[in-house]
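Dear colleague,

Please find below the structure for your files. My notes on its side-chain contacts and on one of its helices follow directly after it.

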Amino acid sequence: MDVREAIFGRRAVREFTTAPVDESALRELVDAAIQAPSAVNQQPWLFTIVRNKELLARISSEAKSHMLKTSPAALASHHFHFLPILNDPKFDIFYGAPVLIVISAPAGPWAIEDCSLAAENLMLAAHARGLGTCWIGFAQGWLGTPEGRTALKISHSDMPVAPVVVGHPKSASPAVARKPPRIEWIS
């Protein structure tokens, strides 16, 4: 698969099979992720790979609770109406994916950019291997708390930025229409 095909074919996957993702595939995804550019070539990444189902369930539950406590007004006003799903005890923020990869970096001026670039490489590489991914924004807030960092053994000097689930998609995700780009040409 060429890079254009990967970019145009990658989708956020929200339905996964229960099939595990083998360690060699996960290592390949991390190898692709670390090819991303980083500010001043610091390559600051930490990849925390969670395959423990009980821990994934705990993170899902804690992250939902955290979001409901810290952002109820924002959630209620959001056009996707997140309140009902976050209040549903059966809702798994990880959509049943067998793996969560959290990309972290030492807190600094470019930590978010560095981790985001690595995450995009990881997601494109996963798509090229026939795997699905989804960046789980619902997990971000709780993972940054002392409890979240402790659960994932992430030091207080590192900032968890990109929680990405990985698994085998149940089905192909349809393309989503893209808005025309806003372009300002200055000559």
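Arg 129 is partly exposed, with a relative accessible area of 39%; buried here means under 20% relative accessible area, exposed over 50%, and partly exposed in between (1.4 Å probe, protein chains only). The model is a predicted one, in which local features need pLDDT of at least 70 and side-chain atom pairs count only at pLDDT 80 or more, while totals for chains, interfaces and linings use all residues. Residues are numbered from 1 along each chain as its sequence is written, and side-chain values use heavy atoms, with hydrogens and water left out.

The side chain of Arg 129 meets that of Glu 28 in a salt bridge of 2.6 Å, N to O, the term denoting a side-chain nitrogen of Lys or Arg within 4 Å of a carboxyl oxygen of Asp or Glu. Arg 129 lies in the loop between α6 and β3 and Glu 28 in helix α2, so the pair ties together parts that are 101 residues apart in sequence. Helices (H or I, at least four residues) and strands (E, at least two) are DSSP runs, numbered from the N terminus. Glu 28 is partly exposed, at 43% relative accessibility.

The search of the whole structure finds two salt bridges. Glu 23 and Arg 27 form one of them, at 2.9 Å, N to O; both residues lie in helix α2, four residues apart, about one turn of the helix. Glu 23 is partly exposed at 39%, whereas Arg 27 is exposed at 54%.

Helix α6 (residues 111–128) has 18 residues and reaches 26 Å from its first C-alpha to its last, close to the expected 26 Å, which is 1.5 Å times one less than its number of residues. Its buried residues include Asp 114, Cys 115, Leu 122 and Met 123. After α6 comes Gly 130, with a positive phi near 85 degrees.

The structure also holds two aromatic pairs, that is, rings of Phe, Tyr and Trp (its six-membered ring) with centres within 6.5 Å; planes under 30 degrees apart count as stacked, over 60 as edge-to-face and the rest as tilted. Phe 91 and Tyr 95 are edge-to-face, at 5.9 Å centre to centre and 75 degrees between the planes. Phe 91 and Phe 138 are likewise edge-to-face, at 6.1 Å and 85 degrees. This second pair links distant parts of the chain, with Phe 91 in the loop between α5 and β2 and Phe 138 in helix α7, 47 residues apart.

With kind regards
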